[in-house]
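Subject: Structure for you to look at

Hi,

Here is the structure I promised to pass on. Please open it alongside this note, and then read on for what turned up in it.

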Amino acid sequence: MLGENEIDVLLKIGESIDATKNLTQLGDLFVDKIGLMLHAKKVSIMLLDKDKKELYIWAASRLPEEARQVRVEFGQMFAGWVAKEGQPLLVKNVDSEFPQFSKVKIGRYKSESFIIAPIKSEDKTLGVVNVTEKQGSEVFTKGDIKLISLINYMIAPQMARIILFEKVDSLITKDGLTGLYNHRYLQERLNEEVDRVQRYHRDCSLIMLGVDNFKEYNENYGYAMGDRVLIQMANIIKDNLRVVDIVARYSGEEFAVLLADINLKQAAT
């Protein structure tokens, strides 16, 4: 039986969903409302990268930066198993229920109880939601799973629509040579990120990079070789960043990197 506060939160979720037009905003909404309803300190959403068959962190609350880099193979560990089987996992005591796992593998679970539930739309798994550290050191229950499932049911269709839209939109937002986002897309995301920083008091950093003496290189070796340099530069930048970071070709030989939830000190290192 839902309480008055829970019904109020669900109504607010319903009002917010249609107004949410991108995955970042939807992720913030998802994480915030699940944490509020389940009284959980840490909530994270992992999306499924079908090409790499991996889960990666898409949105999170109070998650250490190193934990945000975690990628889980489809079918492996707790999150991968939930994504593959499409069934929620309720753990009341990880040590007693999974003694076969070493402390190294389960060490990131600071509380003994947690929930991992699939996010599905039309029987297609989009990702999973991880909920841990219930306030007051309480144990999660089957009732908590029902609440997560209800929120998933409300949000997942909009998530699927946004993912589809972004796939189509990428055809006009990507740079044809490097495959990076173009200047137009960067400007849109930068405006959204600034709004997000102000609203939620988050961190954000922007890095600008350029290729030195690029004009002279083109003149000496030809434009085809110059294109190869730009492609290699783009790949180097992408390989050294998180999945959630936005990398764009800002101009001819200039690149920009938008880092959400990263402060100036972290960006400099």
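Before anything else, please keep in mind that this is a predicted model. I'll begin with a loop: Lys53 sits between strand 1 (40-49) and strand 2 (54-61). Its phi is near 55°, a positive value in a residue other than glycine. Lys53 has a relative accessibility of 58%, so it counts as exposed.

Asp123 is not a glycine either, and its phi is positive, near 65°. With a relative accessible area of 73%, Asp123 is exposed.

Now for the inside. The largest nonpolar core has 35 residues, and Phe30, Trp58, Val129, Val131 and Met159 have the most contacts within it. At least two residues of this core come from each of helix 1 (4-17), helix 2, strand 1, strand 2, strand 5, strand 6 and helix 7.

How do helix 2 and helix 7 pack? Helix 2 (residues 23-38) and helix 7 (residues 142-173) meet at an angle of about 180°, and their axes are 10 Å apart. An angle over 145 degrees counts as roughly antiparallel, so that is how these two helices run relative to each other. The residues in this contact include Phe30, Ile34 and Leu38 of helix 2 and Ile148, Ile155 and Met159 of helix 7. By class, the contact has 13 nonpolar, 2 polar and 3 charged residues.

Finally, the aromatic rings, where the count comes to 4 pairs. Tyr181 and Tyr185 are stacked, at 4.0 Å centre to centre with 15° between the planes. Tyr181 is partly exposed, at 23% relative accessible area, whereas Tyr185 counts as buried at 10%. Tyr217 and Tyr221 form a tilted pair, with 4.7 Å between centres and 40° between planes. They are 4 residues apart in helix 9 (residues 214-221), so about one helical turn separates them. Tyr217 is partly exposed at 26% relative accessibility, and Tyr221 is exposed at 55%. Ring pairs also link Phe78, Phe98 and Phe114 into a cluster.

Terms used
Residues are numbered from 1 along each chain as its sequence is written. This is a predicted model: local features need pLDDT of at least 70, side-chain atom pairs count only at pLDDT 80 or more; totals for chains, interfaces and linings use all residues. Side-chain values use heavy atoms; hydrogens and water are left out. Axes are lines fitted to C-alpha atoms, for helices over the stretch in contact, and angles run from 0 to 180 degrees between N-to-C directions. Angles under 35 degrees count as roughly parallel, over 145 as roughly antiparallel, 65 to 115 as roughly perpendicular and the rest as oblique. Contact means heavy atoms within 4.5 Å. Ala, Val, Leu, Ile, Met, Phe, Trp, Tyr, Cys and Pro count as nonpolar, Asp, Glu, Lys and Arg as charged, and the others, Gly among them, as polar. Buried means under 20% relative accessible area, exposed over 50%, partly exposed in between (1.4 Å probe, protein chains only). A nonpolar core is a set of buried Ala, Val, Leu, Ile, Met, Phe, Trp, Tyr and Cys residues joined through side-chain atoms within 4.5 Å. Rings of Phe, Tyr and Trp (its six-membered ring) pair if their centres lie within 6.5 Å; planes under 30 degrees apart count as stacked, over 60 as edge-to-face and the rest as tilted.
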